[in-house]
Amino acid sequence: RACPAGRLIMRILMVSDVYFPRVNGVSTSIETFRRTLAALGVELRLVAPRYGSEPDEPGVLRVPGWPVPGDREDRLVGWRAMHRATLAAAEGCDVVHIQTPFVAHYAGLAAARRRGLPVIATYHTLFEEYLQHYAPMLPAGWLKRRARGLSRRQCNALDGVIVPSTAMRERLLGYGVGVPLHVLPTGIPIERFRGRDGAAFRRLHGIAPERPVALFVGRVAHEKNIGFLLDALPHALRRQPDVLLLIAGEGPARAELEARVKREGLGEAVRFIGYLDRADALPACYAAANVFVFASRTETQGLVLLEAMAAGLPVVALAEMGTVDILGPQRASIAPPPEPAAFGEAVGRLLGDASARLRLAADAPLYAAEWSDTEMAARLAWLYRDLLERHAPAGVPAVAGA
């Protein structure tokens, strides 16, 4: 198929067990690529759960779901309903792209094989590290072995797998995944995070203009290692007694973490601000902070680090798993040793050194621009075309009009 300008058009079916209004990295990744691929001649259809009364959206087919026991943020969709919807949506498509390893994986794989289409998945989440937080009654070693085995089987049933970082590629190779692995991060919309009014955000939330703010953005869940930030905070307070740790996000660990803050007498130094709208409030929150802090050890990429940098915010973070790719060049960031004392000292030192902070802040948007959504979308479009060409029978054009 060709558009009027002669550019090839592909139809891609994405299928996922999660999407907005559920806020997480998978939803953000899908939304980012849906928005940017259209300009490259790629038409996306998406099959995802229905959460409630969200309005219909062109190109999005919602499948009814019900709350996950113990986690009302997420939805379970019916096996048959997801399979029927995915098979119908796959008609006329060129590639199936699976985004999650639950019902969507099996529905997407079945539809692709039934329609004779190539199928690829993005491996977003390091499940072997997450499961122990949600099933603590089961042996951690057994859970990890089960997660690795399932991931290996699922990945090897596909025509290829996208991973957001080199660390994830190495991890899947260690599992025994033998299909092609493509390192392709999710890009960020650079302009969304520039030029926001941080002073207005501070006024709105009663934060003094001169108060040093260390910001965390993300799901308030155990795997984000927010407890480490609380361990590090007293060491930062010794250097900067008035520092405020601002935690933006919601999640299942919030009540437990709030109780800990109260128990340890950190109430004046920590504020949970909840979920912030990504279009306006979140970019303004980045602009209101002085430094971004992040301690997750299980990230497959770490998009929030790039969002903070795009807003001109220096980053202090642990260089583990997916964040290594971002922090490795040592631009706009500091990666202390994974010890609370060293981390807190680094945060306090940076907050007290205006010249160092300004130097990192000046480089931050320049570095973030190298990870833009348009650049990553172009790479994904090329990957789709390559996959389609390799899947096409000999002598038959992969895309009509090619």
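The largest cavity has a volume of about 80 Å³. A cavity here is a set of points on a 1 Å grid over the protein atoms alone where a 1.4 Å probe fits but cannot get out. Points are joined across faces, edges and corners, and the volume is the space filled by probe spheres set on them. The model is predicted: local features need pLDDT of at least 70, side-chain atom pairs count only at pLDDT 80 or more, and totals for chains, interfaces and linings use all residues. Residues are numbered from 1 along each chain as its sequence is written, and side-chain values use heavy atoms, without hydrogens and water.

Lining residues have an atom within 4 Å of a point. For the largest cavity they include Ala 214, Leu 229, Val 293 and Phe 343. Helix α8 (226-239) gives the largest share, four residues. Strand β10 (244-248) and helix α13 (340-351) each supply at least two. Helices (H or I, at least four residues) and strands (E, at least two) are DSSP runs, numbered from the N terminus. The lining has 11 nonpolar, one polar and no charged residues. Ala, Val, Leu, Ile, Met, Phe, Trp, Tyr, Cys and Pro count as nonpolar, Asp, Glu, Lys and Arg as charged, and the others, Gly among them, as polar.

The count comes to two cavities of 30 Å³ or more.

Note on methods:
On a 1 Å grid over the protein atoms alone, a cavity is a set of points where a 1.4 Å probe fits but cannot get out, and a pocket is an open set with protein on both sides within 12 Å along at least five of seven lines; lining residues have an atom within 4 Å of a point.
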